[in-house]
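Hi,

Here is the structure I promised to pass on. Have a look at it first, and then read my notes below.

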Amino acid sequence: CTGITDCRGTSRLTSDAKIFPEGAFGHAGPNGIAFDSKGNAYVINAGSNEVYKMTHLGAVIDIWGGHGSGPGKFAHMANHGGMMGIAIGPHGNVFITDQGNFRVQIFNSDGEFLDEFGTKGAGDGQFKKPTHVAVDSKGHVYVTDWERRDVQKFVSSASRGYEWALTFGGKETVAHEQGLFYAKADGYGPN
């Protein structure tokens, strides 16, 4: 059984909410989880490139996302990697890394697309494989990049959305270089 259904053919639900059955995330599994101030969980389903907004008891109250490259859609995993990291900002906005489209997408708590930032590349504000995201209490966004082996900081600008502010880390040039991440292709960067 896959998808969000009651696989036993019976249901004890008294509303439109659905509960996740075993195996609902497929082989890819859930890739990330974040909680809002109301206790709702936002769970990334890497296989379908969808976000499930759920109550603390597991009832699904909203779904958004899907495969694609446009606003609100995510790169399919076979192409380079899909959605991976998720974080909730101090104002309730949802930030999700989109690896194959080399960006971070921003949604409101109901899944409405608000904005995005990042492009493909190795320069400031660019990504090779954005992996995880975190947001601090001031709303600054931090994004790890597995291929660049670094962390980039973005700050909110009222007129221009999120702008690059700082990069730290990067690939080491000699073994065990202080403050840098493992340089070998099979090594793990900031994950």
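What follows is a quick tour of what turned up in it.

One thing to keep in mind: this is a predicted model.

Let me start with the nonpolar cores. The largest one has 13 residues, and the members that touch the most other members are F95, F117, F127, V141, V143, F154 and Y162.

Leaving out residues up to four places away in sequence, F154 touches F117, G125, F127, H140, V141, V143, Y162, E163, W164 and A165.

Now the aromatics. Across the whole structure, the search gives 8 aromatic pairs. One of them is F95 with Y162, an edge-to-face pair at 5.6 Å centre to centre and 90 degrees between the planes. That pair ties together distant parts of the chain, since F95 is in strand 7 (residues 94-98) and Y162 is in strand 15 (residues 161-169), 67 residues apart. F95 and Y162 are both buried. Another pair is F127 with F154, which is tilted, with 5.8 Å centre to centre and 50 degrees between the planes. Here too distant parts of the chain are linked: F127 belongs to strand 11 (residues 126-127) and F154 to strand 14 (residues 150-157), 27 residues apart. Both F127 and F154 are buried as well.

Elsewhere, ring pairs join Y42, W64, F74, F107 and F113 into a cluster.

Next, have a look at strand 4 (residues 50-54). Of its 5 residues, 4 are buried, so this strand is largely enclosed by the rest of the structure. What does strand 4 pair with? Strand 3 (residues 41-45) runs antiparallel to strand 4, joined by 5 bridges, and Y42 stands opposite K53. The two strands form a hairpin with 4 residues between them, and N49 in the turn has a positive phi of about 55 degrees. Strand 5 (residues 59-65) also pairs with strand 4 in the antiparallel sense, over 5 bridges, with V51 opposite W64. That makes a hairpin too, with 4 residues between the strands and G58 in the turn at a positive phi of about 100 degrees.

Last one: D36, in the loop between strand 2 (30-35) and strand 3. Is D36 buried or exposed? Its relative accessibility is 14%, and the cut-off for buried is under 20%, so D36 counts as buried. What does D36 touch? Not counting residues up to four places away in sequence, D36 touches Y42, K53 and I88. D36 and I88 are 52 residues apart along the chain, yet their C-alpha atoms are separated by 6.2 Å. The side chain of D36 also has a polar atom 2.9 Å from the backbone nitrogen of K38, and the backbone nitrogen of N40 lies 2.9 Å from a polar atom of that D36 side chain.

Cheers

Conventions:
Residues numbered from 1 in each chain as written. Predicted model: local features only at pLDDT ≥ 70, side-chain atom pairs only at ≥ 80, totals over all residues. Heavy atoms only, no water. Core = buried A, V, L, I, M, F, W, Y, C linked by side-chain atoms within 4.5 Å. Buried < 20%, exposed > 50% of the residue type's maximum accessible area, 1.4 Å probe, protein only. Contact = heavy atoms within 4.5 Å. Pairing = 2+ DSSP bridges. Polar contact = N/O pair within 3.5 Å; in protein donor to acceptor, adjacent residues only side chain to side chain. Phe/Tyr/Trp six-rings, centres within 6.5 Å; stacked < 30°, edge-to-face > 60°.
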